[in-house]
Every structure is written in structure tokens, then in C-alpha cells.
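Hello,

Here is the structure for you to look at. My notes on the sheet and the aromatic rings follow below.

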Amino acid sequence: MSKTVWHFINSGKCSASFNMALDEALLEWHSQGEIGPVLRFYEWEPATLSIGYFQSVEKEIDMDVVKQLGLGFVRRPTGGRGVLHEHELTYSVIVSEEYPDMPETVTEAYRVISGGLLEGFRNLGLNAEFSVPETVKQNADLRNPKSGVCFDAPSWYELVVEGKKVAGSAQTRQKGVILQHGAILLSLDEDKLVSLFKFKSERLRERTRLALPKKAVAIDRLTDRAISIAECADAFAKGFEDALDMQLEPLTLTKEQLEKVKEIEERKYANDEWTFRK
């Protein structure tokens, strides 16, 4: 029996606003039946701080530091907390809620989709596993995060190695379609990450900075050998193929499709009304 074919796009380095606009366009096209399910990989130029749909810029983000460091800044269409996209491979999965064997609940859909991440890390020789809260306190921490920093704690079915978060993901559902995207960390600068956020006190900032290495870890600290973006992309592409039992085929966007992405970008993700709406 032949496997389901998914589209595959490796966008390389793109601006923050273009990256979010393309994810939204793919969701829209899939909802309209113009394209099938999609796995996309991408990077960020310049390095970017992305924030979740519900986060408050004024309350949580130090925009002076963001600007001083020359970072891009964008609000995602998905929830979750702030992510510094610098040394990483970002993935997005666009698939119908009605896809065969796709669970209805967000948490269980995370488990299915993130199976591709699990297999990807294993393809790199890393012993990753799903995070599942084991205590009442851990479950409470998921519901009430202590900071706006994404890698401050793992969520249900995110990937951990030796108890430390190695990939952060976020999900939204619109027009009958699931969009899940996330960061696969090749390296992490904890000091830079923490500097981008506002804290109630410098003591809390320092506590978060010192705690991060115990809670999050990047690939470069899990192996002695250098792993490139290209090797990472190959490992995770195969991981998603195996986990979701599908076959990837490259998709090249048409001129008309790229124009649609640009329209979404200018109207929304490159627009301050969207970015600073909270």
C-alpha cells in the first residue's frame, strides 16, 4: 500500500515576517484543498525573537534590548512563549484536523506530530523522549509559566534529553487545519535570551538565567561532534516520514503563491498593529 504524500519545503533563511506569513498561507491553501499536508523547514535572517499570540510586548519584552542587538521581532499566530531564533532549525507542520488517525485534542495531536521530532533526534544519535508532567507541581507549572521564556519549562509531549527541553513547539487550529511549528536548538545563548525579557526583579532574572541550563539544552551540548543544519534537516525529514508514515515530495511555490505570501506579510506580520497588539 502506497504511503500518503506530503509536500516538503526547505525555505532556508528568511525574514521573521515572511516566515510567519508563509506558514499562514500554507494553512490557508491546505484548508481550501489547493495543496496537501506540508512539512516545512526554515531559518531566520536576522536572528529573531518571536512571541506567542497572547503575550504582551509592553509587559514582557524589553524592546530596547531587542533593537540594540539588531534582532528581528514578530508575533506568531500560535500560542506559547518567547523564542530566540538564532542557532536552530525551525519546522512547521500543516495538516488537516481530519487527517487519518489525527487525535482531536491538542495535547494528543502534539504527541502524534512531535513523533517526527522524536525520531529526528534519534536519527542524530540522541536519546530524546517526550516530556510528561509526573507531579502536581509540574502540571501546575505548565498551566502557569513563571516567565515569558519558552525554554523555561517543557510542555506536554515536547522533547527532552536527560530531562532538559531540546525543542519548543506551539500549535494553532484554524479553518479545520492544524499548524504546529517549533524550534530545534543547535545552540542556545542563555544570557542573550534572558536579556530580552522583563522581570519583576533582577533577582528573578538572575534566577531564571541560572536555571535555564538545567531546564533547556541545545544539540551542541549533547554531542561532541558538529551537527550542521543540513544534517539536522535530513535527520528530521526522515524522522517525520517514519513517524507519520508518509512520503515527502518537494513543493516549489508559484509566483502567484509568493505574491499571496507577500500580501499576508505586509498586511499582518510586518505590521506594527499586529505585532504590538497586546
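Over the ring of which residue does the charged end of Lys268 sit? The ring is that of Trp274, and the charged end of Lys268 is 4.5 Å from its centre. Please keep in mind that this is a predicted model.

Trp274 also belongs to a cluster, in which ring pairs link it with Tyr53, Phe54 and Tyr269. The count of aromatic pairs comes to 9. Among them is the pair of Tyr42 and Trp44, which is tilted, with 5.7 Å between the centres and 50 degrees between the planes. Both Tyr42 and Trp44 are buried. Tyr42 has a charged neighbour as well: Arg40 lies over its face, at 3.7 Å from the ring centre.

Another pair, Phe121 with Phe236, is edge-to-face, at 5.0 Å centre to centre and 90 degrees between the planes. Phe121 lies in helix α5 (residues 115-123) and Phe236 in helix α9 (residues 229-243), so this pair ties together parts that are 115 residues apart in sequence. Phe121 counts as buried because its relative accessibility is 0%; Phe236 is buried too, with a relative accessible area of 0%.

Now the sheet. It is open, has 8 strands in the order β7-β8-β9-β10-β6-β2-β1-β11, and its pairing is mixed. The edge strands, β7 (129-130) and β11 (246-250), each pair on one side only. Strands β1 (residues 4-14) and β11 run parallel and are joined by 5 bridges, and Val5 stands opposite Gln247 in β11. Helix α1 (residues 16-31) packs on the sheet and touches strands including β1 and β2 (38-44); the direction of α1 makes about 170 degrees with that of β2.

Regards

Definitions and conventions: Residues are numbered from 1 along each chain as its sequence is written. This is a predicted model: local features need pLDDT of at least 70, side-chain atom pairs count only at pLDDT 80 or more; totals for chains, interfaces and linings use all residues. Side-chain values use heavy atoms; hydrogens and water are left out. Two strands pair if DSSP finds at least two bridges between them. Helices (H or I, at least four residues) and strands (E, at least two) are DSSP runs, numbered from the N terminus. Contact means heavy atoms within 4.5 Å. Axes are lines fitted to C-alpha atoms, for helices over the stretch in contact, and angles run from 0 to 180 degrees between N-to-C directions. Rings of Phe, Tyr and Trp (its six-membered ring) pair if their centres lie within 6.5 Å; planes under 30 degrees apart count as stacked, over 60 as edge-to-face and the rest as tilted. Buried means under 20% relative accessible area, exposed over 50%, partly exposed in between (1.4 Å probe, protein chains only). A charge sits over a ring if NZ of Lys or CZ of Arg is within 6 Å of the ring centre and within 35 degrees of the ring normal.
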